Amino acid sequence: MSLVIAILLLLVAAAGTGVVFTRTPRRQVLAIAVNGFALALLFMALQAPDVAFAEIAAGGVAVPLLFLTVLASMKMDRSPRPGSEE
Amino acid sequence: MTPAIRLTLFLLAALMCLPAIAAIALHMPAFGAHALPYGDAIDAAAPGERHVSNMVSAINFDYRGFDTLGEEFMLLGAVTGTVVLLRGSRGEALGARPGIIAGRPLLPHSDAVVLICRLSAPLLMAFAVYVAVHAMTTPGGGFQGGAIAASALVLLFLGEGYPGWRAVVRSPVFVALEGGGSALYGLCGFAGMALGLPYLANFLPLGTYKDVWSGGLMLVENAGVTFAVGGGFTLIFLEFLEETRVKKDPDERDVRAEDIHPETADIYGILRRAPRDGGADA
């Protein structure tokens with residue numbers, strides 16, 4: 001196992017831990033995106049570029065975008081409930 | 001359940017699992033060493049049998065082409081379900097205003113963001129076409145190319161804002177791409193049956209090894225997957241982003257360019273330059 005792969009494995013572990021320990025939903029979405037890109041780098045280092053491409057597009061773009069959209073939509077003009085916080 | 005009890009339970013469970021985990025970890029093959037003969041067999045056979053140099057495509061579209069057909073219809077089902085669930089709750093009209101979250105200002109896009117998006121979206125789209133077309137020779141393929149193409153379209157949303165995105169991304173086009181791509185994949189298998197071959201048999205000429213147009217029927221299947229994935233991803237983005245616009249009453253006529261508040265129109269300059277009759281597309 002080369003040094004690059006060892007470093008990338010640690011990076012993925014750190015990014016994954018970051019997702020778990022982020023408590024704000026909006027920051028957690030960005031943490032998921034960072035984790036996706038870290039995984040893509042690892043796949044690239046492990047000579048799996050096909051999976052790396054898919055991971056960048058799905059894990060780095062599509063999933064965070066959908067989560068952010070849902071978070072924005074939830075805060076938007078849904079019928080305001082009396083006594084709601086915001 | 002207090003945190004203390006939870007932690008105790010977790011530690012107990014971890015302690016019980018530890019011997020099993022340790023036993024497995026100690027008996028794992030060395031990193032990178034695998035005892036799986038199929039990958040090596042495909043590496044040895046595919047260049048001669050299928051004339052392609054990207055073995056992943058050879059497996060996805062030929063040796064395991066039927067599995068990919070299943071995945072294709074799984075995607076079709078997921079996209080259809082999403083569209084059916086989300087469409088209609090806010091009307092299908094184009095040109096509606098983007099919604100505003102209370103307490104969060106709707107700031108104009110900085111010139112840098114607009115410039116970067118306008119420069120990189122066409123480049124990313126060109127890269128998507130490259131990845132999709134070179135499926136048989138280099139890493140990537142229809143799924144990756146389609147997903148990258150959808151990401152390039154998302155840059156339009158980032159750079160031009162919601163009205164600009166809606167003006168360019170029309171759902172009928174992407175419905176046709178999604179459905180047509182899946183149909184192309186599913187139906188091209190029947191062409192071989194007309195010649196007396198099994199379903200999805202690769203009956204087309206295989207071409208020259210390491211040539212872009214090698215692989216025979218795999219090229220058709222790859223095109224189907226590209227259209228289906230690109231169209232499907234974009235449709236899902238479209239339906240989700242539609243949830244973030246101002247809700248329109250059912251009996252209210254569609255928002256026209258001149259109805260939009262001047263400040264909002266300033267932010268989304270695109271609407272003023274090209275006024276759109278939103279009602280016609282509803």
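**How chains A and B meet**

Across the interface of chain B and chain A, three residue pairs turn up in polar contact, both residues at pLDDT 80 or more (a polar contact being a pair of N or O atoms within 3.5 Å, where within protein one must be able to donate a hydrogen and the other to accept it, and residues adjacent in sequence count only if both atoms are side-chain atoms). This is a predicted model, in which local features need pLDDT of at least 70 and side-chain atom pairs count only at pLDDT 80 or more, while totals for chains, interfaces and linings use all residues. Residues are numbered from 1 along each chain, chains are lettered from A in the order written, and side-chain values leave out hydrogens and water.

As for salt bridges (a side-chain nitrogen of Lys or Arg within 4 Å of a carboxyl oxygen of Asp or Glu), the interface of chain B and chain A has zero. Chain B brings 28 residues to the contact and chain A brings 22, with contact meaning heavy atoms within 4.5 Å. About 2,100 Å² is buried between the two chains, 73% of it from carbon and sulfur atoms; buried area is the accessible area (1.4 Å probe) that two parts lose on being put together, summed over both. On the chain B side, B:Phe31, B:Ile101 and B:Phe240 supply 24% of the area that chain B buries against chain A, more than any other three residues.

Within chain A, the axes of helix 2 (residues 25-45) and helix 3 (residues 49-75) come within 8 Å and cross at roughly 175°.

Definitions and conventions. Axes are lines fitted to C-alpha atoms, for helices over the stretch in contact, and angles run from 0 to 180 degrees between N-to-C directions. Helices (H or I, at least four residues) and strands (E, at least two) are DSSP runs, numbered from the N terminus.
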